[in-house]
Amino acid sequence: MANVDETNQTKFPNQYQTWLATSEQADKEDMLAAYPANIILWAGSSFAKEYNSPRGHQFAVADVTHILRTGVSVEEGKKGLSASCWTCKTPDAPRLMNEMGIEGFSGANFTDLGTEIKSVVYCSDCHEDGSAKLALPRPHAQDAMAKIKLPFDKQNTSMQGAQVCGQCHVTYYFQPERSDKVNIPWIFGSTADDIEKYYDTRRFYEWIHPISKTPMLKARHPEFEHWSRSKHAEAGVTCITCHMPPATDDKGNEFTDHKVGNALEHFDNTCKACHSSQQAISKTLAKKKQQINTKARQVEDLLVKAHFEAKAAWDAGATWPLMNDAIMGIRHGQWRWDFAMASHGLYAHNPEEGNALLDKAIEQVTLSRTLLAMILKQLDVEKVDYPDISTKEKAHAVIGFDKDAAEAAKVMFIKDEVDKHWHPVARQGYEN
Ligand code: HEC
Ligand code: HEC
Ligand code: HEC
Ligand code: HEC
C-alpha cells in the first residue's frame, strides 16, 4: 500500500489505533431530506443531487466515491470532474501533485485517478513522514496561510495544529483558468465580504441558476475561517484543544487522541478547564444552535421565493438592466447563507459571525424581493407560481432531477469500476 505503512502502526500504536477508530463515527444525515429548500437553492449544481453531513475521517474516500455528485462514468464527449475532488480526502492527492505537477493532477479526470487512491486522511496529511512534526503537504494551503500572513513554518505548534485541519476544513474553489486547481480565495482576506469582493471583481461564478439565471457562488465548509475570528481562537483554544484532546493509555503514557470527532464527548478533559458546568454550556450551545437554525430556515424560504419571482419576471420579458440589482441581491444573500450553513458546527465555533451573516442575508434577499415585486408589477405579472417543495422527492421533481436514473448509473459505476479496480478504502462502510 502506498502511504499506509506498517512503521506508523508499530511506532505510534496509540495514535494509530485512535486514528483507526474514527470508523466508529458512521452516522450521517441526509441534508437534502432534512432541508428540501436547499435543492432549489442549489438547482443546476451537483449539490442539489445529494448532500450529507460529515462523518469520521475513515469514510472520506468511500463517501466521495459513492455520492451522486461525483464518481460516475464520464459521458462521451464530456470532460468529467476534476481530480481536484480528491484533494481533501487522501494523502495520495499531495503525492500525485508531486508526481504529476499541480495542474497535471487537477487537469486529470476524477475517476481516472481512482485506482491511485489508497488511503483516507492519514498521518502524512498532518505530519512529516514517520515523525510527530506537523506538516502542511497541500500547496493551496501553504499559499493561503501566507496570504493571511500566517505562514505555516513561522507558527507555533498550536496554530500549526489548527492549520493542518485548515488544509481541508476551509472554503475553496476550482480555478478554471488553471486547469481547475484548488484555490483558497483569500487575496483580500478570509471573511465572507473579502471573498465576495474577490469573486465579484473577477466576475466569477460557479454556475448559472436555471430558475432565476443568477450567477451563483458556492461556499464550502469554512470551519477554519469562522474559528479564526472566534473568542476561542483569541484565547488560544484551537481545533486540537476541542477535537483531539490529551488521552492516557493503560500504561499511563500520555498521547493526543487521534479519534477526531465530537468535541462534547471530551468535555471533562477539554472544556472543563475553562467552563466548570457542562449543563450550562450545553444549554448555551442548544440556544445558539436553535437561533441559527431558525434564521437559516427564514433565509432559505426568502431565497426560494426570490428565485421563482425572478423566473416569473424573466418569463414575462424582463431584461438584464432591469433585473441586475435584484439578481445581485440573490447572489450575495445566498453566498452569505451558504458561508454560514456550509460551516459545520458554526453555532459552537462562532455563533456571532453566523448570526451576522444570516441577518445580512435576510436584508439582502428582502431588498431583492422588493425590487422583484416592482419589476413584476411593471410587467403586469399578478401571480407567481411557488411549487410544492415540501419533501426531497417533490423538490427533485421541480428541478427535473431523475434520481432513479442517477442511482442506477452509480450502481453500474461501482460494480464495473470501483469493486473491480479500486482500493478497498473506496468501499469503507459500503461493503455488501
Ligand atoms: C488530521 C491531522 C492528523 C493526522 C491525520 C494525524 N495526526 Fe498525529 N498529531 C496531529 C496533531 C495536531 C498533533 C498534536 C501536535 C501538538 O499539539 O503538539 C499530533 C500529535 C502526534 C504525535 C505526538 C505525540 C502525541 O500523541 O501528541 C505523534 C507521534 C503522532 N501525532 C503520530 C501520528 C500518526 C502515527 C498518525 C497516523 C496514524 C497521525 N499522527 C495522524 C495531527 C494529526
Ligand atoms: C486531508 C483533509 C482533512 C484534514 C487534514 C482534516 N479533515 Fe476533518 N474531515 C475531512 C473530510 C473529507 C471529512 C468528512 C468525511 C466523510 O464524511 O466521509 C472530515 C470530517 C471531520 C469531522 C466530522 C467527524 C464526525 O464524526 O462527524 C470533524 C469533527 C473533523 N473532520 C475535524 C477535523 C480536525 C479537527 C482536523 C485537524 C486535526 C481535521 N478534521 C483534518 C477532511 C480532513
Ligand atoms: C471550543 C471548542 C472547539 C473548537 C476550538 C473547534 N471546534 Fe469544531 N466543534 C466543536 C463543537 C462543540 C462542535 C459541535 C458538535 C456537535 O454538534 O455535536 C463542533 C463541530 C465541528 C464539526 C462538525 C462535526 C459534525 O459531525 O457535524 C467540524 C467538521 C469541526 N467542528 C471542525 C473544527 C475545526 C476544523 C476547527 C478548527 C479550525 C474546530 N472545529 C474548532 C468544538 C470546537
Ligand atoms: C482555554 C480555555 C477554554 C477552553 C478549553 C474552552 N473554552 Fe469555551 N470559552 C473560552 C473563552 C475565553 C470564551 C469567551 C468568554 C466570553 O467572552 O464571554 C469561551 C466561550 C464559550 C462559549 C460561549 C459562552 C457564552 O455564554 O456565550 C461556549 C458555548 C463555549 N465556550 C464552549 C466551549 C466548549 C464546548 C469547549 C470544549 C469543547 C470549550 N468551550 C473549551 C475559553 C475556553
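Predicted model: local features only at pLDDT ≥ 70, side-chain atom pairs only at ≥ 80, totals over all residues.

User: What makes a residue part of the shell around a ligand, and how do the residues around ligand 1 divide by class?

Analyst: A residue is counted when its C-beta atom, placed from the backbone, lies within 6 Å of the molecule.

User: Which elements supply the shell around ligand 2?

Analyst: At least two residues each come from α5 (60-66), α8, α10 and α14, and the largest share, three residues, is that of α14. In total 24 residues surround ligand 2, the closest being Gln25, Phe59, Asp63, Cys165 and Cys168. By class, the shell around ligand 2 has 13 nonpolar, seven polar and four charged residues.

User: Which element gives the most to the shell around ligand 4?

Analyst: Ligand 4 is surrounded by 16 residues, of which the closest are Lys231, Ala235, Cys242, Cys271 and Cys274. Two or more residues come from each of α13 (231-234), α14 (239-243) and α15 (278-315), and α15 gives the most, with three residues. The classes in the shell around ligand 4 are ten nonpolar, five polar and one charged.

User: Why is α15 called roughly parallel to α18?

Analyst: The axes of α15 and helix α18 (residues 351-378) come within 9 Å and cross at roughly 25°. Angles under 35 degrees count as roughly parallel, and the angle of roughly 25° falls under that limit, so α15 is roughly parallel to α18. The crossing of α15 past α18 is left-handed, and their contact has 17 nonpolar, six polar and five charged residues.

User: How do you know whether α16 and α18 are roughly parallel or roughly antiparallel?

Analyst: Helix α16 (residues 320-341) packs with α18 at an angle of about 160°, and their axes are 8 Å apart. Since an angle over 145 degrees counts as roughly antiparallel, the angle of about 160° is on that side of the limit, and α16 and α18 are therefore roughly antiparallel. These helices also cross in a left-handed way. Among the residues that make the contact are Leu322, Ile330 and Trp337 of α16, together with Leu357, Val365 and Leu372 of α18. By class, the contact of α16 with α18 has 15 nonpolar, six polar and three charged residues.

User: What makes lysine 149 count as buried or exposed?

Analyst: Lysine 149 has 7 other C-beta atoms within 10 Å, and a residue with 12 or fewer counts as exposed, so lysine 149 is exposed. Lysine 149 is found in the loop between α9 and α10, and its phi is positive, about 60°, although it is not a glycine.

User: Why is arginine 203 called exposed?

Analyst: For arginine 203, 7 other C-beta atoms lie within 10 Å; because the limit for exposed is 12 or fewer, arginine 203 is exposed. Arginine 203 sits in the loop between α11 (192-201) and β3 (207-208), and its phi, near 50°, is a positive value in a residue other than glycine.

User: Why does leucine 68 count as partly exposed?

Analyst: Leucine 68 has 17 C-beta neighbours inside 10 Å. Buried needs 20 or more and exposed needs 12 or fewer, and 17 lies in between, so leucine 68 is partly exposed. The place of leucine 68 is in the loop between α5 and α6. Leaving aside neighbours within four places in sequence, leucine 68 is in contact with Lys49, Glu50, Ala406 and Lys410. Leucine 68 and lysine 49 are 19 residues apart in sequence, while their C-alpha atoms are 6.2 Å apart in space.

Methods:
Residues numbered from 1 in each chain as written. Chains lettered and ligands numbered in written order. Helix = DSSP H or I, 4+ residues; strand = E, 2+ residues; numbered from the N terminus. Nonpolar A, V, L, I, M, F, W, Y, C, P; charged D, E, K, R; others polar. Axes fitted to C-alpha atoms, helices over the stretch in contact; angles between N-to-C directions. Parallel < 35°, antiparallel > 145°, perpendicular 65-115°, else oblique. Left-handed = near helix turned anticlockwise from the far one by under 90°. Contact = placed C-beta atoms within 7 Å.
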